[in-house]
Amino acid sequence: MQEWQIVLPEKKHKKKFFGNLLEEVIKPAICSHCTACAAICPVKGITAGDRPIDFPNWLKDCVDCGACVKVCPRWDYRPLGGVGSYIEMFSARSKRFLGQDGAMVTEFTATALEEGIVERAIFVARDEEWRTRTVSIIDPEQLKNRKITGTKYSFADVLPAVKEAVLDSKAVAFVGTPCMISALRKMQRSFRKFERVKLAIGLFCTENFYHSQLSEFLAKKGVAMKDVLKTDIKKGKFIVKKADGEITFPVKELDGIIPPGCKVCQDFSAVEADVSVGSVGSEAGFSTVLVRSDIAKRIADAIRARGYAEFRDASLEAVKKLCDYKVKIHPYPPKKEG
Amino acid sequence: MKVEFKARRLDLLRMHLDVIREAFKQAVAPDRVTVEYPRERKKYPANFRGIIVFDKDKCISCFRCAHICPANAIQMTFYEKAWPGIDYTKCIFCHFCVDSCPTGALRSTKIHDIAFATMGEMKLNAVQMLKAPELTREDSFTVEYVVDSQGWRLEKKAEIDELALEQFIIPEKRRVSVCVDPESCLGCRLCVELCPNDAISVDRKANKLNILPEKCTGCGICVRNCPMKVLELKEVK
Ligand SMILES: Cc1cc2nc3c(=O)[nH]c(=O)nc-3n(C[C@H](O)[C@H](O)[C@H](O)COP(=O)(O)OP(=O)(O)OC[C@H]3O[C@@H](n4cnc5c(N)ncnc54)[C@H](O)[C@@H]3O)c2cc1C
């Protein structure tokens, strides 16, 4: 095509688009740090990483294209919540992989790769200090690496990696928190290329953390990140597993470092995902799985047919309870402090 | 027995005569395979890869030559625009630069035999490349190998081959940038900013982008830099 048109979102402030995002999302502290804006910014000016979203020098460098506003899940924010619609729900444990709970996120990804449903998947790996890093999975063998599976309670630049992936691959999968899943849907509605994301695996999520703040907090508890083998949040407790034992404390203690953007999020179960996975609703060592889309159903059926996982019943009640709880503790608009 | 011997003697005699005739011939008008350079020069084909000349009026400063050079021998320097200079201490005469130039601003000559006094002199800037280097020519003949049913031979003509070529024109397949996925366009207008030929226009009121095929040189800068890879070079008739 030689001539084409661009649809621009409506501005709410007489500023460049990033200025609008700043006024509407970042300053009011409802930004979820999903990193969609950083992913889409054509001049790569928007920064994410382990710090709040920013665009140093945006007055000069922002090209005012509006892409960041188009993909932001918190622009014109209407919170999603509940268990959402699903085709089937079960509790399962992969027989092939080890992960946070039943490694079903990993199992879905491996099977999607093996079935040729996706060419690659974006995962979040960690280093010795538990800093996050995205990895591109093209071979299920990579998923044997325990630093690649498992939960990291720190933000990760997943969507920038997803964006790079869709430029080269026609079928991509990724794993993300509910805000990332919602952001991806907005990206898909705004820019056709993101239809190449064929499988969006959502994680149950109450909150996430900045790595620096979490490690500082744990340091005060006498825990060095490099000694940590696993972190988990179960029944209101933050659990840190180390080689020489376990440290447990109430999640409430972390309240001061829960990012404000998480505190207006009501989507626990990632309602817009193709498949949502979490630990709530299952016994230890199993993952709760909500199969929501046809593609996810195809993968679940393949896992079943090949006997790759052990299946049990999941507790819908337990999941519902957490969904309701999240809506309750995260009102939107946020309650004024004091 | 006797008859056989006679026949052999005749053969031997013939062979000796052949050798003597050949010896005479080579003494008077010898055959040869070598070229008597520099008194004569071999005729080079039109696509010979020699010293490169530069046409500043055609250059659009797209940097393609500098980017493609595998020996990193091309340095862009700013004059009226950014123009290429070639460092002949590095150049490997692959002529990727000539082939990649979308406007034919770089072209080859048949000159390969120039001497530089110092390494420094081998670094030519765009201005020095505007004309073919001057040669003192000592040749008055052009030779050419001819291969036919009688074998091959060297043919010598009393003429001088023109070494500074007119542009060697390959029938052009013109390609222009086309938006193949407008629904993924971010509207960032980086392509508009980067186009060295102002071939992409933007209508800020109607939010429309437009590629003007008659202005597009097919240099591909916009294609390479599009953050969503929605542009491609497509052949035009
Ligand atoms: C920040 C966060 C908060 C969570 N909160 C809850 C909760 O409150 N209740 C609950 O039931 N479950 C929660 N989960 C999900 C739970 O911890 C497990 O990830 C889930 O049960 C899947 O387990 P699994 O063994 O099937 O996953 P695995 O097979 O081990 O795979 C884990 C996947 O998670 C991805 N991942 C890890 N860290 C991140 C990250 N920071 N960002 C994006 N992707 C990541 C990895 O790439 C991997 O694909 C949370 C997860 C995260 C990341």
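Predicted model: local features only at pLDDT ≥ 70, side-chain atom pairs only at ≥ 80, totals over all residues.
A salt bridge here is a side-chain nitrogen of Lys or Arg within 4 Å of a carboxyl oxygen of Asp or Glu. Three salt bridges turn up across the interface of the two chains.

| Item | Value |
|---|---|
| Residues of chain B in contact with chain A | 26 residues |
| Residues of chain A in contact with chain B | 22 residues |
| Area buried between chain B and chain A | about 2400 Å² |
| Share of that area on carbon and sulfur atoms | 55% |

On the chain B side, L186(B), N207(B) and M228(B) lose the most area to chain A, and together they make up 25% of what that side buries.

So much for totals; what about the strands? Both β9 (175-179) and β11 (208-211) of chain B put at least two residues into the side that touches chain A. The largest share, four residues, comes from β11(B). By residue type, the side of chain B touching chain A splits into 16 nonpolar, five polar and five charged.

Strand β1 (residues 3-5) of chain A is joined to β11(B) by three bridges, and the two run antiparallel. Which residue of β11(B) is the bridge partner of W4(A)? That's L209(B).

Key. Residues numbered from 1 in each chain as written. Chains lettered and ligands numbered in written order. Heavy atoms only, no water. Contact = heavy atoms within 4.5 Å. Buried area = accessible area lost by both parts, 1.4 Å probe. Nonpolar A, V, L, I, M, F, W, Y, C, P; charged D, E, K, R; others polar. Pairing = 2+ DSSP bridges.
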